[in-house]
Amino acid sequence: MTSEVLSNDEKARPAAANSSRRVPLSRGLSTKLLFLTIAFVLLAEVLIFLPWIASYRVNWLKERLSTAAAVSIVLLQGEPNALSHNAQNDVLMAIGAKAIAVRDGGVSRLLVVSDMPPQVDEHIDIAEVGLVNGMTGALETLFFGGKRMLRVFGPVGDSDKEFELIMPDYRLRDAMLRYSRNVAVVSLLISLFTAMLVYAAIDLIMIGPIRTMTRSILAFSEAPDDPGRVIRPADRADEIGVAERELSLMQDRLQKMLSEQKHLADLGLAVSKINHDMRNILASAQLMSDRLRQVKDPTVQAFAPKLLRALDRAVSYSEGVLHYGRTQEPAPSRRRVRLRQLVDDVHGLLDIEEGIEFVNGVEAAFEVDADSDQLFRVLTNLCRNSVQAMAADTESAVVRRLAVSAERHGSVSRITVADTGPGLPSKARENLFAAFRGSARSGGTGLGLAIAHELIRAHGGTVELVESIGGRTVFAVTIPDQPVRLDQARNGLRRPA
């Protein structure tokens, strides 16, 4: 039962991962952009609607007041009782008013009245209606109107008379509601049309390329080693173009890095398979080398210790090479080392052909604070590279010399490895300490300098290329001494001489 549950969970995980990578249409950038555009356009329409509805209200009242003024002028020029009561009612019903009055010279005269209301709820001076009070009055009519009585007054045209109109506001409110509905429909159509145009433009310029980059990232994550999954940037000079080009470069670099990591993994796997047999072979060689000590020949006695040390180091390297396959190196075990003797050991291990001069320029008393085995590996790699570079020169007159020297600056030791070879090619200088890319010769792996850089960095030092021209190549290894703890220094001073 447990295994079935686990298998079902394992099957569900890829499905969940794939579903989380797919963005549904309702949560996509395009949908969000569409709704945001509609909302923003509607908000703009609302802000524009307020002065529009206020202007519509004022114009509507001005039209009614103008009609009342025309009727008032006719009545003022005729007999006072020229209109019957029914005619007055017809005039007021046409205007939608309860009473019409005129003020002339400070005297107010009621011209037509049908049913005088007991009170007036709002007094509106047409000449004094501004933007702010016009908008507040329009909102009050829309939300609270329909049962209110208005007194509208003000001059009309160039007349020196002031006309007054008393009327209910339900007709005004109905007209404003119809106008608001029409504006709302038009605004919604405008917002939809604008949103579609903005959506189409931005989708073509931004959302489409972003969607392409997103798909490329998802496809690349599924198969990073497939060159076909690398995005092909468009020829654009804007931010999207820069992002596409940088993404393409990043994917290219990541593919190269993954390829190098795969090589290292394959190297570690291969070494792990041959490591056991190699140790057995070296162990047999050690046993035979031990028997050489019993030979009384002086030449054999001189070379036997060097051979034993070389075999010991080979066994150690065979056991420790797996650490490099796992991109790990043991921490340096630092001691005071006589550098001249170590350089002699390096010289004895190198396969130097005739015509190449080896110069050990290290003083006999020079000491360096380092791990002897690791420093031996570093110097061996540097010297072997120099020997291989000079071995390509076949002219007998060409000077072929490898010189190792050292100097101390305070607590820092500086070891120099110089040769008279042809110099490093430009590709090797650009990828100097990169495995599989920094090789100085055809068919090389470039692991020597990479290993040297890693080992010296563990000592807190550096390996640098000082100079590389035709006839002179110089590498410098800088190793600082270990810092001395204050309590240890005090204990050393307190010890009796």
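Tutor: Start with axes: they are lines fitted to C-alpha atoms, for helices over the stretch in contact, and angles run from 0 to 180 degrees between N-to-C directions. Helices (H or I, at least four residues) and strands (E, at least two) are DSSP runs, numbered from the N terminus. This is a predicted model, where local features need pLDDT of at least 70, side-chain atom pairs count only at pLDDT 80 or more, and totals for chains, interfaces and linings use all residues. Residues are numbered from 1 along each chain as its sequence is written, and side-chain values use heavy atoms, with hydrogens and water left out.

Student: Which residues in α4 and α5 meet?

Tutor: Contact means heavy atoms within 4.5 Å. On the α4 side there are A138, T141 and L142; on the α5 side, L172, R173, M176, L177 and S180. The contact of α4 with α5 divides into five nonpolar residues, two polar and one charged. Here Ala, Val, Leu, Ile, Met, Phe, Trp, Tyr, Cys and Pro count as nonpolar, Asp, Glu, Lys and Arg as charged, and the others, Gly among them, as polar.

Student: Why are α8 and α9 called oblique to each other?

Tutor: The axes of α8 (residues 339-349) and α9 (residues 372-391) come within 10 Å and cross at roughly 50°. That value belongs to the rest, so α8 and α9 are oblique to each other.

Student: What is the handedness of the crossing where α8 passes α9?

Tutor: A crossing is left-handed if the near helix is turned anticlockwise from the far one by less than a right angle, and right-handed if clockwise. α8 passes α9 in a right-handed crossing. In α8 the residues are L339, L342, V343, D345, V346 and L349; they meet S372, L375, F376, L379, T380 and C383 in α9. The count for this contact is nine nonpolar, two polar and one charged.

Student: How do you know that β1 and β2 pair?

Tutor: Two strands pair if DSSP finds at least two bridges between them. β1 (residues 99-104) and β2 (residues 107-113) are joined by six bridges and run antiparallel. A101 stands opposite L110 in β2. The two strands form a hairpin with two residues between them, and G105 in the turn has a positive phi of about 65°.

Student: How many bridges link β5 to β1, and how many to β4?

Tutor: β1 and β5 (residues 162-168) pair antiparallel over five bridges, with A99 opposite I166. β4 (residues 149-155) is joined to β5 by seven bridges, also antiparallel. There, M149 has P168 as its bridge partner.

Student: Why do β2 and β3 stand at the edges?

Tutor: The open sheet has five strands in the order β2-β1-β5-β4-β3, with mixed pairing. β2 and β3 (122-125) each have a single partner strand, so one side of each is left without a neighbour in the sheet. The twist averages 20° from one strand to the next.

Student: What makes β7 and β11 edge strands?

Tutor: Their sheet is open too, with five strands in the order β7-β9-β10-β12-β11 and mixed pairing. β7 (357-360) and β11 (462-469) each pair on one side only. Neighbouring strands here are turned by 15° against each other on average, direction ignored.

Student: How many bridges join β9 to β10, and β11 to β12?

Tutor: Eight bridges join β9 (residues 401-409) to β10 (residues 412-419), which run antiparallel. E407 is partnered by R414 in β10. For β11 and β12 the number is seven, again antiparallel. E467 has V474 as its bridge partner in β12. A hairpin is formed by β11 and β12, with two residues between them, and G471 in the turn has a positive phi of about 100°.

Student: Which strands does α8 lie across?

Tutor: α8 lies across β7, β9 and β10, and runs at about 165° to β7.

Notes. Angles under 35 degrees count as roughly parallel, over 145 as roughly antiparallel, 65 to 115 as roughly perpendicular and the rest as oblique.
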